[in-house]
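Work through the exercises below with the sequence and the coordinates at hand. Each task is followed by a stepwise solution.

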Amino acid sequence: MTSLTPQGGGEAPKNLSGRLVAATWWLFGFIIIASYTANLAAFLTVSRLDTPIESLDDLSKQYKVLYAPLNGSSAMTYFERMADIERRFYEIWKDMSLNDSLSPVERSKLAVWDYPVSDKYTKMWQAMREAVLPNSLEEAVGRVRNSTSSAGFAFLGDATDIRYQVLTSCDLQMVGEEFSRKPYALAVQQGSPLKDQFNNAILQLLNRRQLEKFKEKWWRKDEISAKCEKPEDQSDGISIQNIGGVFIVIFVGIGMACITLIFEFWYYKLRKTTKIVSNDEYNRFSKGGNDLSTMKNNLNFGSGGLIDPGNNLKSRHPPNNNFRARF
């Protein structure tokens, strides 16, 4: 602040109470600035080292975390079929571009630098087979819980099963949006009257908003999930609880400064008052003759002036450039 003010920062406190306040405030500011600098450096370093996985595309572009669906599940069938479709499209494009019956102009239209069909699901399906598909949901959840920073595992499965596991376990997290959504259905015998009864019952529940109430009760107000710490409440940086002791230090310093100030006030109030003698008054007493001996008895010479211990001289405001001393 001194460099920003044209008149400077002012004089430093000279009494003990002022020094305590200044030292406490300096310590408080130093710790706050150091904590902020350390937190900012840690945040920038971690954000560069860790690449968060927030979607299926992020999962397919990395090789650090293994992933796989259940063996024989609908998710496995989805990735297997998508990989087969990509392979088929690639074969069709290759046959078209290498067809000798095409004219040079038609063949030049098929000449591109990149493949027109992505191999995203082909690579994902290959990575899943290398990671070994789990045979049960319990095995998949166990592999997720046993994951480490060097060898992680992500389970790809039905959204309802994953959401139930997340709601009933505080150590699991659901990442990304749903993909390849398919509706649930109840299978009955063809021509059975149960089909119309089921349809009417489901429509009535939808019109009365009963399904939403059941979802709110059993999914969003679950007792186990209510005790779990929310993701937005988690913080890897320094919080106010970590530096709460700094505020205690500043309050203790202010309290000690107030006590010291009160002690100094009473000390200087009860202390003997300093007497100030001017040169003119001393010369007047010197010319008095008989009073000179009395003056000498009552006045003592100090360094740089005179001191009146008997309070014989009443002048409290000497003129400028006068000789004075303090006791």
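The exercises concern a predicted model.

**Exercise 1.** Determine what secondary structure the chain has over residues 20–44, and where Val21 lies.

Solution. 
- The UniProt record (unreviewed entry) places the feature "transmembrane region" at residues 20–44 and 243–268.
- Over residues 20–44, the chain is 100% helix and 0% strand.
- The C-alpha atoms at the ends of this stretch are 36 Å apart.
- Val21 belongs to helix α1, which spans residues 16–49.

**Exercise 2.** Classify Val21, Val117 and Leu203 as buried, partly exposed or exposed.

Solution. 
- The partly exposed class lies between the buried limit, under 20% relative accessible area, and the exposed limit, over 50%.
- Val21 has 39% relative accessibility, so Val21 is partly exposed.
- Val117 has 25%, so Val117 is partly exposed.
- Leu203 has 48%, so Leu203 is partly exposed.

**Exercise 3.** Describe the surroundings of Val117.

Solution. 
- Val117 sits in the loop between α4 (104–109) and α5 (120–131).
- With neighbours within four places in sequence left aside, Val117 contacts Glu86 and Phe89.
- Arg87 is 30 residues away in sequence, and its C-alpha atom is 8.8 Å from that of Val117.

**Exercise 4.** Which helix supplies the largest share of the nonpolar patch?

Solution. 
- The patch covers about 950 Å², and its residues include Leu186, Leu203, Phe214 and Trp218.
- At least two residues come from each of α8 (194–207) and α9 (210–220).
- The largest share, five residues, is from α8.
- Leu203 is located in α8.

Note on methods
Residues numbered from 1 in each chain as written. Predicted model: local features only at pLDDT ≥ 70, side-chain atom pairs only at ≥ 80, totals over all residues. Heavy atoms only, no water. UniProt positions renumbered as here; feature names shortened; annotations may be inferred. Helix = DSSP H or I, 4+ residues; strand = E, 2+ residues; numbered from the N terminus. Buried < 20%, exposed > 50% of the residue type's maximum accessible area, 1.4 Å probe, protein only. Contact = heavy atoms within 4.5 Å. Patch = residues over 30% accessible without salt bridge, like charges linked within 9 Å, V, L, I, M, F, W, Y side chains within 5 Å. Areas by Shrake-Rupley, 256 points an atom, 1.4 Å probe, with all protein chains shown as cover. Salt bridge = Lys/Arg side-chain N within 4 Å of Asp/Glu carboxyl O.
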